[in-house]
Amino acid sequence: MTPITQTSEWKALQDHYDHVERAHLRDLFRDDPGRGEKMTLEVDGIYLDYSKNRLVDATVELLVALAGRASLRERIDAMFAGEKINVTEQRAVLHVALRAPEGEHIAVDGTDVVPEVHAVLRKMSAFCDRVRSGEHTGHTGRRIRNVVNIGIGGSDLGPAMAYEALKAFSDRDFIVRFVSNVDGIDIHEALRDLDPEETLFVVCSKTFTTVETLTNARTAREWLLSSLKVEQAVAEHFVAVSTNAGKVAAFGIDTANMFEFWDWVGGRYSYDSAIGLTLMIAVGPERFREMLAGFHAMDEHFRTAPFERNLPVLLGLIGVWYNDFFGAETQAILPYSEYLSRFTAYLQQLDMESNGKSVTLDGDPVTCMTGPIVWGQPGTNGQHAFYQLIHQGTRLIPCDFIGFVNADTEVDDHQNLLMANFFAQTEALAFGKTRAEVEAEGVPAFQVPHRTFRGNHPTNTILAAKLTPYVLGQLVAMYEHKVFTQGTIWQINSFDQWGVELGKVLANKIVPQLEEPDRELDHDSSTNTLIRRFRTLRG
């Protein structure tokens with residue numbers, strides 16, 4: 001495989017960068033008054049304005065050519081065809097099958113997986129209807145009013161993010177909580193004010209061996225049985241999202257209430273599978289299927305649209321432009337909706353676990369920078385925290401601003417004020433405030449340099465009418481495919497995560513060394529000293 005940095009397309013972009021690097025957005029807009037209308041794209045109600053980026057038409061053309069050289073179209077086709085593009089684990093990558101409508105055909109090893117997906121969706125829907133109607137009760141016959149999701153990584157971040165995002169569509173008669181951290185405080189706080197007789201646990205672990213998840217599940221089981229006393233209660237208060245029927249049954253869960261997913265679904269791509277069971281209980285099967293429809297609509301756009309008019313591809317290529325040519329190290333995701341309070345945390349895993357790689361598909365060292373550091377929080381809170389650094393600091397931080405015309409809940413004039421800030425920030429970041437403009441305001445001379453804004457900070461503006469289940473599906477799929485686009489350009493495997501494993505292996509070795517104070521230590525001098533100090537302070 002020829003390193004992407006040695007291709008003529010990459011070198012053309014490098015030459016082009018040398019010509020446009022110093023261009024200021026003020027000049028680009030002055031020279032092209034129609035830029036703000038031209039550099040836009042609308043896909044099924046999702047509107048992207050990418051005009052406030054440090055690029056010109058030729059930049060996009062060169063980036064599209066780079067995507068062609070990286071065989072992006074062939075990689076897209078291979079993914080949708082069920083080929084095993086996760087080469088290190090020899091697995092297909094088919095989160096797109098989770099939202100494929102009935103009647104479509106996607107095969108893995110000669111088996112059409114779409115009927116299997118819909119069989120699980122029907123099973124999920126039937127169970128959720130029983131819980132929401134009160135037909136499924138706890139051991140004492142009382143209605144389920146509390147749902148606690150126990151998982152970690154994608155089994156937590158996805159459903160937790162989506163539940164917060166769609167809270168306006170949820171049944172508020174349910175208390176819904178998510179437990180992931182093995183820190184006992186997490187499950188203690190989740191359970192402290194709940195009634196065991198009214199609580200349902202959804203344990204999400206593909207193998208039913210994940211240490212953090214099973215530790216929390218066993219604690220929840222003990223909490224339940226300390227009140228209800230009868231082992232049979234476990235079967236009525238616990239369900240599992242897993243593929244390991246033996247371990248699920250040994251835990252005490254009725255395997256009739258085990259919901260399956262597949263090894264071609266990566267954890268960070270899984271909340272639209274049975275991992276989303278807690279979300280489906282909260283919002284109902286109909287809303288869940290609306291969300292799946294949004295996912296699928298963006299999937300089809302990504303699969304078929306030409307790259308220069310392809311929303312995820314454009315976002316991915318613009319990200320490569322800043323990451324690899326401008327040397328930007330981070331990407332800020334700034335949603336102007338409190339319902340998207342967990343969205344950036346979700347995208348951190350999606351992006352950084354996928355593209356945090358340093359070797360190519362062939363196992364050779366990469367020759368360019370790969371995944372960015374993803375961070376951010378909702379506006380307007382971020383404006384009073386870290387925006388200062390973006391506006392006047394020394395780092396280049398590309399930003400995605402995500403906003404909605406209408407609030408899910410309209411409160412007085414709050415939405416207009418929120419969105420005024422949304423539009424103002426991208427304008428201020430792009431154009432700044434010159435020294436002459438500051439001086440013209442009569443500012444004291446000693447303050448002028450401190451109140452001057454150089455601008456030229458790039459942003460994408462993503463705008464939709466309203467945050468609905470359908471729109472949430474579109475947005476998540478958009479970022480999934482953006483990450484895939486970038487991984488393809490960088491020639492890496494976006495679908496494994498071997499870096500997660502090393503710490504787990506070492507932690508399992510250390511656990512008995514913490515519990516048995518006489519056990520010999522065989523780590524480096526720092527780790528050995530820290531463990532001894534821990535033992536001493538624990539007494």
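Angles between axes run from 0 to 180 degrees and compare N-to-C directions. The model shown here is predicted.

**The sheet.** Select the five strands that form an open sheet, in the order β6-β5-β7-β8-β9 with parallel pairing. Colour β6 (175-179) and β9 (258-259) separately: these strands stand at the edges with a single partner strand each, so one side of each has no neighbour in the sheet. Next, display β5 (residues 146-150), which is joined to β6 by five bridges. Within this pairing, Asn-146 has Ile-175 of β6 as its bridge partner.

**The helices on the sheet.** Select helix α7 (residues 154-165), which lies across β5, β6 and β7 (199-204) and runs at about 150° to β6.

**The salt bridges.** Side chains of opposite charge can pair when their charged atoms come close. How many salt bridges does the structure hold? There are 26 salt bridges. Select Lys-38 and Asp-57, whose side chains meet at 3.3 Å, N to O. This pair links distant parts of the chain, with Lys-38 in helix α3 (residues 35-38) and Asp-57 in helix α4 (residues 57-69), 19 residues apart. Now select Arg-30 and Asp-31, a salt bridge with its closest N and O atoms 3.2 Å apart; both residues are exposed. Finally, select Arg-99, Asp-272, Asp-299 and Glu-480, which salt bridges link into a network.

Conventions
Residues numbered from 1 in each chain as written. Predicted model: local features only at pLDDT ≥ 70, side-chain atom pairs only at ≥ 80, totals over all residues. Heavy atoms only, no water. Pairing = 2+ DSSP bridges. Helix = DSSP H or I, 4+ residues; strand = E, 2+ residues; numbered from the N terminus. Contact = heavy atoms within 4.5 Å. Salt bridge = Lys/Arg side-chain N within 4 Å of Asp/Glu carboxyl O. Buried < 20%, exposed > 50% of the residue type's maximum accessible area, 1.4 Å probe, protein only.
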